[in-house]
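This report considers two topics: the surroundings of a ligand, and the meeting of two protein chains. Please keep the structure in view while reading.

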Amino acid sequence: MLEAQALYSYYGKSPILQDVDFSVEEGGFLGIVGRNGVGKTTLLRTIMGLTDRAAGSLLFQGENLLGMRTPQRAGAGIAYIPQGREVIPRFTVRENLLMGTFPRKDGARTIPEHIFELFPILADFIDRRGGDLSGGQQQQLAIGRALAMDPKVLLLDEPTEGIQPNIVQQLEDVMRRLNKEMGLTIVLVEQNTRFVRQTADHFVLLDKGRVAMRGRGEELTNEVVDRYLAL
Amino acid sequence: MEAWVNEIFIGISLASILLMVAIGLAIIYGTMGVINLAHGQFVMLGAYGAWLLQTQYGVSIVVSLPVVFLVVGLVGFVVERTIIQRLYHRPLDTILATWGIGIVLEQLVRNVFGSSSRYVARPEFLEGGYIILGAHASSYRLFIIFFSLGMLAATWYLLFRTEFGTKLRSVIQNTEISECYGISAKRVYALTFAYGAGLAGIAGALITPLVSVTPTMGTSLVVDAFLVVIVGGVGSLVGTAASALMIGEATAWLSYVLNDTTGRILILLGVIVLIRFRPQGLFPDTVRR
Ligand SMILES: Nc1ncnc2c1ncn2[C@@H]1O[C@H](COP(=O)(O)OP(=O)(O)O)[C@@H](O)[C@H]1O
Ligand SMILES: [Mg+2]
C-alpha cells in the first residue's frame with residue numbers, strides 16, 4: 001500500500017536519503033532501524049512531504065505522494081506521530097484530539113470512542129493543556145490525535161524514546177493491538193530492536209541514508225544488531 | 001471636572017480605533033511574523049471606501065462598514081497571495097515589500113481621488129450626544145466604542161470558538177504538525193492577512209466623521225497602533241485591548257495638557273523605556289513548551 005523506489009530526499013542540496021526502496025502491505029508492520037543520524041526521521045518526513053525536495057517514486061495506494069502537498073497526504077489517510085511527539089502545547093487534550101479529525105474526508109468532528117478505551121488517561125485529562133502533560137501522556141495524546149483521523153497508515157517515530165517503562169509497555173501493547181486486531185498498517189522507527197523483532201513483519205535497516213539491510217522481523221537478530229547498530 | 005471626563009472619553013474612543021488597527025497588526029505579526037508596513041494604507045483604503053460609498057451612493061457609514069470590511073479584506077487577501085506569500089522565509093524582504101505596497105496603494109489613491117481632504121458625515125441618528133458626569137459625550141464616539149468592543153468580541157469568538165480559529169492557533173504554535181493534520185497553512189495565512197486588513201479598513205471607515213480623509217491619513221494612526229502592539233505584546237487580545245486603552249488615554253491627555261507633538265514624543269519615550277525593562281511587552285505569552 002505504501003511503496004518507495006529509488007527514493008531520494010534532500011535538505012538544501014544535501015541528499016539525506018539515497019536510493020531507498022521499501023514497501024508495506026495493507027495491514028503490514030514495517031520497522032525502520034538504524035543508528036542516530038542515518039535518516040530514519042527524514043524517511044518519515046519524506047513520506048509526509050516535509051523535506052525540501054524528494055525524487056524517485058513514492059506511491060500510496062497507487063497514488064503518487066510526491067506530487068501532493070502535506071495536508072493532502074494527511075487527507076489520503078497517512079497519520080504522522082513525530083519524534084518528540086509535538087502535541088500542541090497551548091491546546092487542551094480535547095483540542096489536540098479534535099485537530100486529529102481535520103484531515104477526515106467525511107468531515108466528521110467527533111473524537112472516536114476507542115481512543116479513550118486505548119488511553120483512558122486522555123478522558124481524565126480532557127481539559128488539561130497538552131504542554132502540561134508528562135512525556136508519556138503526551139505520547140498517548142500524539143497517538144490519539146493520529147487515530148482521530150481514522151487513518152489508513154500510522155507513521156511512528158521513536159514513540160518510546162525517553163518514556164518511563166510502564167508506559168512503554170502500554171504503548172507497545174497498543175501498537176500491537178492496532179496492527180494485529182484492528183488491521184492498521186504501521187511504519188515504526190524504533191531503537192528498541194527487541195520490539196521490532198517481535199512485532200514487525202519486515203524491517204529496513206538504514207545506514208548513512210541508504211538501505212543497508214532488509215528482512216523479515218525475526219531476521220533482525222542479535223548478530224545483525226551487533227554488526228550494524230552497536231555503537 | 002467636565003474637561004476631565006471629556007478627555008477620558010475622547011481617550012477611550014481613540015483607543016477603540018487604535019484597538020482595531022492594532023489587533024490586525026498583532027494577529028498578522030503573531031501568525032506570520034510579518035511586520036505589515038502597509039497597514040496604515042489599509043486604514044486609508046477603508047476611509048476612502050466609506051467616503052466613496054457616501055458621496056456616490058449616499059450610503060450611511062454604518063451600512064458601509066461591512067462592505068468596507070469585505071473589500072479591504074479582499075485587497076489584503078490578494079496582496080498576501082500575490083506578494084507576501086513568496087517572502088515568508090525572508091523577514092527583511094517582507095518589511096520592504098509591505099512598505100512598497102503601502103506606497104503604491106497611497107499613490108494609486110492620490111492618482112484617482114487627488115490629495116485634497118475629503119469629509120464624511122456621521123449618520124443622522126448618531127448626531128448629538130449625551131451628558132455624562134457633566135461632560136458632553138457624542139453619540140458617534142459612543143458608537144465607535146461599542147462597535148470596536150463588538151469587533152474585539154467577534155475576534156475572540158473567531159479565534160477561540162470556530163474551526164478556523166483552532167486552525168490558526170495551531171499553525172501559530174506548530175506549522176509543520178498543523179500541515180500534517182490537514183491544515184493548509186497557506187490558506188490560514190491568506191485569510192488571517194485578509195482579516196487583519198479588513199479590521200484596519202473598518203477602523204479607517206469608522207474614523208472618517210472625526211478626521212479628514214487624505215491619502216496619508218493612515219500613517220500616524222498605524223504608528224500609534226505599532227506602539228500598542230509593542231506595549232501589549234502579541235500574546236493576548238486582552239493585552240492588546242489594555243495597551244490600546246493606555247496609549248489612547250495617554251495620547252488624549254498629553255495632547256490636551258501639553259500639545260500634540262510634545263505628547264507624541266513623551267509617549268514614544270515612555271514606550272522605549274518600557275521595552276528596555278519589559279522587552280516582551282506588558283502581557284507576554286507565557287506557556288510551557
Ligand atoms: N532540517 C534539517 N536540515 C538539514 N539537515 C537535516 C535536517 N534534519 C536532519 N538533517 C540531517 O539529516 C541526517 C539524518 O537525520 P535524521 O533523519 O534526523 O536521522 P535519524 O532520525 O536516523 O536519527 C542527519 O545528518 C541530520 O544532520
Ligand atoms: Mg530521528
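## Terms and model

A polar contact is a pair of N or O atoms within 3.5 Å. The model described here is predicted.

## The surroundings of ligand 1

An oxygen atom of ligand 1 lies 3.0 Å from a polar backbone atom of Gly39(A). For Gly37(A), a polar backbone atom is 2.7 Å from an oxygen atom of the ligand. Thr42(A) takes part through its side chain, where a polar atom is 2.5 Å from an oxygen atom of ligand 1. On its own, ligand 1 has 560 Å² of accessible area, and the protein covers 56% of that area.

The shell around ligand 1 also includes Tyr11(A), Ile16(A), Arg35(A) and Lys40(A). Sorted by class, the residues of this shell are three nonpolar, five polar and two charged. Helix α1 of chain A, residues 40–48, supplies the largest share of the shell, namely three residues.

## The interface of chain A and chain B

The size of an interface is often expressed as the accessible area that is lost when the parts come together. Chain A and chain B bury about 2300 Å² between them, and 58% of this lies on carbon and sulfur atoms. In chain A, the residues that lose the most area to chain B are Arg90(A), Phe91(A) and Phe102(A), which together account for 26% of what that side buries. The contact involves 28 residues from chain A and 21 residues from chain B.

Seven residue pairs are in polar contact across the interface of chain A and chain B, with both residues at pLDDT 80 or more. Several elements of chain A each supply at least two residues of the side that touches chain B, among them α2 (70–75), β6 (78–81) and α3 (93–100). The side of chain A that touches chain B comprises 16 nonpolar, three polar and nine charged residues.

## Salt bridges

Side chains of opposite charge can pair when their charged atoms come close. Over all chains, the count comes to 14 salt bridges, and between chain A and chain B the count is three.

How far apart are the closest N and O atoms of Arg169(B) and Glu95(A)? In this salt bridge they are 2.8 Å apart. Arg109(A) and Glu163(B) also meet through their side chains in a salt bridge, at 2.8 Å from N to O. This pair crosses between chains: Arg109(A) is in the loop between α3 and α4 (114–118) of chain A, whereas Glu163(B) belongs to helix α6 (residues 163–173) of chain B.

Methods. Residues numbered from 1 in each chain as written. Chains lettered and ligands numbered in written order. Predicted model: local features only at pLDDT ≥ 70, side-chain atom pairs only at ≥ 80, totals over all residues. Heavy atoms only, no water. Near = heavy atom within 4 Å. Polar contact = N/O pair within 3.5 Å; in protein donor to acceptor, adjacent residues only side chain to side chain. Areas by Shrake-Rupley, 256 points an atom, 1.4 Å probe, with all protein chains shown as cover. Helix = DSSP H or I, 4+ residues; strand = E, 2+ residues; numbered from the N terminus. Nonpolar A, V, L, I, M, F, W, Y, C, P; charged D, E, K, R; others polar. Contact = heavy atoms within 4.5 Å. Buried area = accessible area lost by both parts, 1.4 Å probe. Salt bridge = Lys/Arg side-chain N within 4 Å of Asp/Glu carboxyl O.
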